[in-house]
Amino acid sequence: STLWKRFTYLSLGFELNSLVTIIMAYTFGPVPGIFVGMVSVFIGFWLNNRICFYMFIPMLGCIVIALLMPFLAVNNIYLAGVISIILFNIIIHFIYVVILNNNPLNSFISFVINVIVNTYFLSNFGIEIIRILKQ
């Protein structure tokens with residue numbers, strides 16, 4: 001979902017790493033969620049030839065939301081997912097803007113698009129994906 005990063009440094013926020021982390025942590029627990037989240041982030045950076053320090057920022061976000069999922073999982077994947085997506089974005093964009101001095105406007109755009117896209121996928125496909133995974 002981040003192939004466009006090969007051609008631009010503008011962050012559009014369309015990343016599904018948080019979504020797969022949320023679904024796996026919700027369905028199977030924090031450890032599988034962390035594993036899938038970290039592997040998906042690594043593969044995304046590797047496919048884009050961008051293995052670098054920035055790779056560890058979304059990995060940190062995946063770890064945090066996977067660890068928090070047992071506390072958020074209230075038999076409602078949509079609610080738990082939206083809260084997790086917002087937390088994920090707050091964590092990574094805080095690091096990008098405050099610590100690494102990235103452009104706040106680009107970060108805000110990325111934040112909003114990521115929340116919208118992941119919320120859409122979660123609301124339209126989340127329950128079905130979990131049902132398939134539990135078979």
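A: Glu128 and Arg131 are 3 residues apart in helix α5, and therefore about one helical turn separates them. An α-helix has 3.6 residues a turn, so residues three or four places apart point the same way. The model is predicted: local features need pLDDT of at least 70 and side-chain atom pairs pLDDT 80 or more, while totals for chains, interfaces and linings use all residues. Residues are numbered from 1 along each chain as its sequence is written, and side-chain values use heavy atoms, without hydrogens or water.

The side chains of Glu128 and Arg131 form a salt bridge, with 2.3 Å from N to O; the term denotes a side-chain nitrogen of Lys or Arg within 4 Å of a carboxyl oxygen of Asp or Glu. A search of the whole structure finds 1 such bridge. Glu128 is partly exposed at 38% relative accessible area, and Arg131 is partly exposed at 42%. Here buried means under 20% relative accessible area, exposed over 50%, and partly exposed in between, with a 1.4 Å probe and protein chains only.

Helix α5 spans residues 104-133. The chain has 5 helices and 0 strands; both are DSSP runs numbered from the N terminus, helices being H or I with at least four residues and strands E with at least two. Of the 135 residues, 41% count as buried.

A nonpolar core is a set of buried Ala, Val, Leu, Ile, Met, Phe, Trp, Tyr and Cys residues joined through side-chain atoms within 4.5 Å. This core has 26 residues, and those touching the most other members are Ile22, Tyr26, Val41, Met69, Ile77 and Leu122.

Met69 is among the buried residues of α3. Leaving aside neighbours within four places in sequence, Met69 is in contact, that is, with heavy atoms within 4.5 Å, with Ile22, Ala25, Tyr26, Ala80 and Ser84. The buried residues of α3 pack against α1, α2 and α4.
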